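Try each task before you read its solution.

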Amino acid sequence: MQETDPKGRWNRSKYIRMLINNDAKKELENYEKTQYELMIKRLLELQGETFKTLNKILYLMTNGELPEAMNLLDKVANEGS
């Protein structure tokens with residue numbers, strides 16, 4: 001699509017469409033960036049929670065508290081369903 005006429009001048013309607021299109025692209029990029037950042041934040045939170053839970057299970061198992069460790073494993077397994 002040619003944005004200028006043969007003399008090199010901008011076509012007003014094409015220029016306005018280009019500005020609107022660029023603005024819409026920026027808004028979409030900002031929205032996608034925000035959603036991506038929220039997703040990464042939530043994944044990091046889940047990773048931290050998983051790490052803490054696995055540490056607790058390991059602690060229980062190494063200290064001979066196998067029934068408590070199994071209960072916690074069951075709880076974790078049921079939360080995923």
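For sorting residues by class, Ala, Val, Leu, Ile, Met, Phe, Trp, Tyr, Cys and Pro count as nonpolar, Asp, Glu, Lys and Arg as charged, and the others, Gly among them, as polar. Keep in mind that this is a predicted model.

**Exercise 1.** Work out which residues line the largest pocket and how they split by class.

*Solution.* Start with the space itself: the largest pocket holds about 190 Å³. Next, list its lining: Leu46, Glu49, Thr50, Thr53, Leu54, Ile57, Leu72, Lys75, Val76 and Glu79. Now sort by class, and you get five nonpolar, two polar and three charged residues.

**Exercise 2.** Find the salt bridges and say how Arg42, Glu45 and Glu49 are linked.

*Solution.* The cut-off is a Lys or Arg side-chain nitrogen within 4 Å of an Asp or Glu carboxyl oxygen. Arg42 passes with Glu45, where the closest N and O atoms are 3.3 Å apart. Those two sit three residues apart in helix α1, so about one helical turn separates them. Arg42 also passes with Glu49, at 3.8 Å from N to O. That makes two salt bridges, and Arg42, Glu45 and Glu49 form a network.

**Exercise 3.** Is Glu49 buried, partly exposed or exposed?

*Solution.* Buried means under 20% relative accessible area and exposed means over 50%. Glu49 comes in at 43%, so call Glu49 partly exposed.

Definitions and conventions: Residues are numbered from 1 along each chain as its sequence is written. This is a predicted model: local features need pLDDT of at least 70, side-chain atom pairs count only at pLDDT 80 or more; totals for chains, interfaces and linings use all residues. Side-chain values use heavy atoms; hydrogens and water are left out. On a 1 Å grid over the protein atoms alone, a cavity is a set of points where a 1.4 Å probe fits but cannot get out, and a pocket is an open set with protein on both sides within 12 Å along at least five of seven lines; lining residues have an atom within 4 Å of a point. Grid points are joined across faces, edges and corners, and a volume is the space filled by probe spheres set on the points. Helices (H or I, at least four residues) and strands (E, at least two) are DSSP runs, numbered from the N terminus. Buried means under 20% relative accessible area, exposed over 50%, partly exposed in between (1.4 Å probe, protein chains only).
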